[in-house]
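Here is a short briefing on one structure. Look at the sequence and the model, then read the points below.

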Amino acid sequence: SKISYKKTVFTVISFITIMTIFLTGLPGLLILATSTAVGLISPIMNVPRSQGMGCLLIPIIGYFLL
């Protein structure tokens with residue numbers, strides 16, 4: 001109760017976003033936004049998150065292996 005949950009969440013989200021921009025630039029930011037959208041839409045559509053993330057990971061792995 002001494003640490004504000006809202007401030008902690010905001011700090012972590014900001015840190016992840018800044019590090020993504022710093023390390024990968026625009027492509028990484030697009031992947032972050034897409035992954036976030038899939039993660040938020042999955043419970044709404046009653047789809048397991050693992051299946052939703054598989055829809056992103058399989059094409060990305062295929063791209064880098066081919």
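Isoleucine 41 is partly exposed, with a relative accessible area of 45% (buried means under 20%, exposed over 50% and partly exposed in between, with a 1.4 Å probe and protein chains only). This is a predicted model, in which local features need pLDDT of at least 70, side-chain atom pairs count only at pLDDT 80 or more, and totals for chains, interfaces and linings use all residues. Residues are numbered from 1 along each chain as its sequence is written, and side-chain values use heavy atoms, leaving out hydrogens and water.

**Helix H1**
- Isoleucine 41 lies in helix H1 (helices are DSSP runs of H or I with at least four residues, numbered from the N terminus).
- Threonine 20 is also found in helix H1.
- Threonine 20 counts as buried because its relative accessibility is 16%.
- Apart from its neighbours within four places in sequence, threonine 20 is in contact with Gly25, Gly28, Leu29 and Leu32 (contact means heavy atoms within 4.5 Å).

**The loop**
- Asparagine 46 sits in the loop between helix H1 (5–44) and helix H2 (49–65).
- Asparagine 46 has a relative accessibility of 69%, so it counts as exposed.
- The phi of asparagine 46 is near 60°, a positive value in a residue other than glycine.

**Helix H2**
- The 17 residues of H2 should span 24 Å at 1.5 Å a residue, and its end C-alpha atoms are 24 Å apart, which agrees (the expected span is 1.5 Å times one less than the number of residues).
- H2 bends by about 30° at cysteine 55, and proline 59 follows within four residues (the bend is the angle between axes fitted to the seven residues ending there and the seven starting there).

Conventions. Helix = DSSP H or I, 4+ residues; strand = E, 2+ residues; numbered from the N terminus.
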